[in-house]
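Here is a short note to read beside the model. Please keep the sequence and the structure in view.

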Amino acid sequence: MVRLDNLTVSYRQHPALHHVSGQFEPGSLTAVVGPNGSGKSTLLKAAMGLLPPSGGQVRVAVPRDRIAYLPQLAEIDRGFPIQVRDCVLLGCWPRRGAWGGVDAAQLAQADAALLAVGLDGFADRPLGSLSSGQLQRVLFARMLVQDAQLILLDEPFTAMDSKTTAALLALVRQWHAEGRTVVAVLHDDAQVRQHFPQTLLLAREKVAWGPTPQVMAEPFLRQARAMAEAWDETAEVCAIDSLRAAA
């Protein structure tokens, strides 16, 4: 579904991801983990086409309108004047376009999605009136309506209460059972071990990628921490990346 070929993504010519290769198989459920600043969010943005590679490439097997991307809550403008149902209906955008209206079936689909995430009766509320947990449920409802084949989640359970986390994890498992490809950036090791069969461990470079019990073994985790601590933000850009930037 997603293939990384020697992928490097840089900010100001310093790599946030450095020569990462591997692939997310169709229908897989994968956690992306690693120390702070290890390139996890950068990887999702590169897969979405939001950040251009400075080296290598990322290839996605489905068109962009078949990808659902959930950024971190901190990146979402909660003051935007929109009601909950209208936010959920944005999931219809890939099918309806900027000027296409929604029909009765899609309105019913949006209401069914709100019911599925436990927000029945919230349709007419302003988005800015919601708690963080309620907002995250709305964003998951939007992805239900979008019906994507590739789902990218950036820290979807951070600062969520246990009830909200359990409800959203149930949706993730449902997507996996339906054969969708789900990639989630996570910080909770217990969640990763319990719910995600595959894991990619990053420390700007790939440390390990494969079955979760193997990747989350202490030697790999210790290696990732050591690599993160040793990273020099002031180091010179590697020669290959410098030549590509100059070209």
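1. Of the contacts between residues at least 6 apart in sequence in the chain, 69% join residues at least 24 apart. Contact means heavy atoms within 4.5 Å.

2. This is a predicted model, in which local features need pLDDT of at least 70 and side-chain atom pairs count only at pLDDT 80 or more, while totals for chains, interfaces and linings use all residues. Residues are numbered from 1 along each chain as its sequence is written, and side-chain values use heavy atoms, with hydrogens and water left out.

3. The chain has 10 helices and nine strands. These are DSSP runs numbered from the N terminus (helices: H or I, at least four residues; strands: E, at least two).

4. The axes of helix 5 (residues 132-146) and helix 6 (residues 162-177) come within 10 Å and cross at roughly 15°. Axes are lines fitted to C-alpha atoms, for helices over the stretch in contact, and angles run from 0 to 180 degrees between N-to-C directions. Helix 5 and helix 6 are therefore roughly parallel to each other (angles under 35 degrees).

5. Where do helix 5 and helix 6 meet? Residues of helix 5 including Phe140 and Met143 meet residues of helix 6, among them Leu168 and Trp175.

6. Helix 4 (residues 104-116) and helix 5 have axes that come within 9 Å and cross at roughly 135°.

Terms used
Parallel < 35°, antiparallel > 145°, perpendicular 65-115°, else oblique.
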